[in-house]
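These are my notebook entries on a single chain. I set out to look up charged pairs, a helix packing and some backbone features.

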Amino acid sequence: MPIKSRIRTIPDYPKKGIMFRDITTLLSDPQGLQLSINKMVERYAKYKIDKVVGIEARGFIFGAPLAHGLGVGFIPIRKKGKLPADTISHKYDLEYGSDVLEIHADAVKNGESVVLVDDLLATGGTAEASIHLIEEVGGKIQECCFVVDLPDIGGRARLGKLGYDVFTLCAFEGE
């Protein structure tokens with residue numbers, strides 16, 4: 001069974017007109033979760049990756065096992081105030097307001113090759129903010145990796161225009 005079919009769609013959540021892609025059904029399926037991680041490891045085994053960077057919170061679920069599978073370190077990007085040591089911050093706009101993401105200032109060494117991981121690519125705003133953080137601490141992004149792409153919302157195109165390659169396990173186009 002493909003990964004896409006293991007993701008539940010909840011209509012009108014969190015508001016009318018939204019088709020919410022719920023990955024908890026993928027996570028609770030042992031074969032589905034293993035298949036997802038294996039596909040990511042297979043993808044990045046041919047790259048020279050130094051670190052995997054995961055975006056809070058669901059990027060941690062996929063990023064940490066990917067890092068383990070590649071035999072490299074895992075770096076969390078978190079919301080403001082969640083990391084204990086010196087951090088670099090980046091403020092970014094949301095649909096209604098703004099937010100701040102942080103990374104430890106010493107998390108990535110200058111020139112290290114990283115993969116950025118999150119569960120879902122919609123507008124690309126959170127990924128773009130994360131890219132800024134990674135580059136500010138000296139990292140070089142090999143690719144941005146997501147479980148789900150919602151291409152109609154424009155995140156893949158946004159990251160592409162910025163010069164970043166995107167890899168996804170599945171997409172929900174026009175759905």
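**Entry 1**

I began with R78, which counts as partly exposed because its relative accessibility is 22%; buried means under 20% relative accessible area, exposed over 50%, and partly exposed in between (1.4 Å probe, protein chains only). The model is predicted, so I note that local features need pLDDT of at least 70 and side-chain atom pairs count only at pLDDT 80 or more, while totals for chains, interfaces and linings use all residues. Residues are numbered from 1 along each chain as its sequence is written, and side-chain values use heavy atoms, with hydrogens and water left out.

I found that R78 forms a salt bridge with E56, with 2.9 Å between the closest N and O atoms. R78 lies in strand 4 (residues 73–79) and E56 in the loop between strand 3 (51–55) and helix 3 (58–70), so the pair ties together parts that are 22 residues apart in sequence. I took helices (H or I, at least four residues) and strands (E, at least two) as DSSP runs, numbered from the N terminus. E56 counts as partly exposed too, at 21% relative accessibility.

**Entry 2: further salt bridges**

I counted a salt bridge where a side-chain nitrogen of Lys or Arg is within 4 Å of a carboxyl oxygen of Asp or Glu. By this rule the count comes to 10 salt bridges.

I looked up D29 and R6, whose side chains meet in a salt bridge at 2.6 Å, N to O. D29 lies in the loop between helix 1 (24–28) and helix 2 (30–44) and R6 in the segment before strand 1 (8–11), so this pair ties together parts 23 residues apart in sequence. Both D29 and R6 are buried.

I then examined K80 and E102, where the salt bridge spans 3.8 Å, N to O. This pair links distant parts of the chain, with K80 in the loop between strand 4 and strand 5 (87–94) and E102 in strand 6 (residues 97–104), 22 residues apart. K80 is exposed at 55% relative accessibility, whereas E102 is buried at 5%.

**Entry 3: helix 2 against helix 3**

How do helix 2 and helix 3 pack? Their axes are 9 Å apart and the angle is about 55°; axes are lines fitted to C-alpha atoms, for helices over the stretch in contact, and angles run from 0 to 180 degrees between N-to-C directions. Helix 2 and helix 3 are therefore oblique to each other, as angles under 35 degrees count as roughly parallel, over 145 as roughly antiparallel, 65 to 115 as roughly perpendicular and the rest as oblique.

I listed the contact (heavy atoms within 4.5 Å): L33, S36, I37, M40, V41 and Y44 of helix 2 meet I61, F62, P65, L66, G69 and L70 of helix 3.

**Entry 4: two lysines**

I placed K46 in the loop between helix 2 and strand 3, and K46 is exposed, with a relative accessible area of 64%. K51 lies in strand 3 and is buried, with a relative accessible area of 14%.

**Entry 5: backbone**

I noted a cis peptide bond joining Y13 and P14, with omega about 0°. The peptide bond from E56 to A57 is cis as well, with omega near -5°. D12, in the loop between strand 1 and strand 2, has a positive phi near 60° although it is not glycine.
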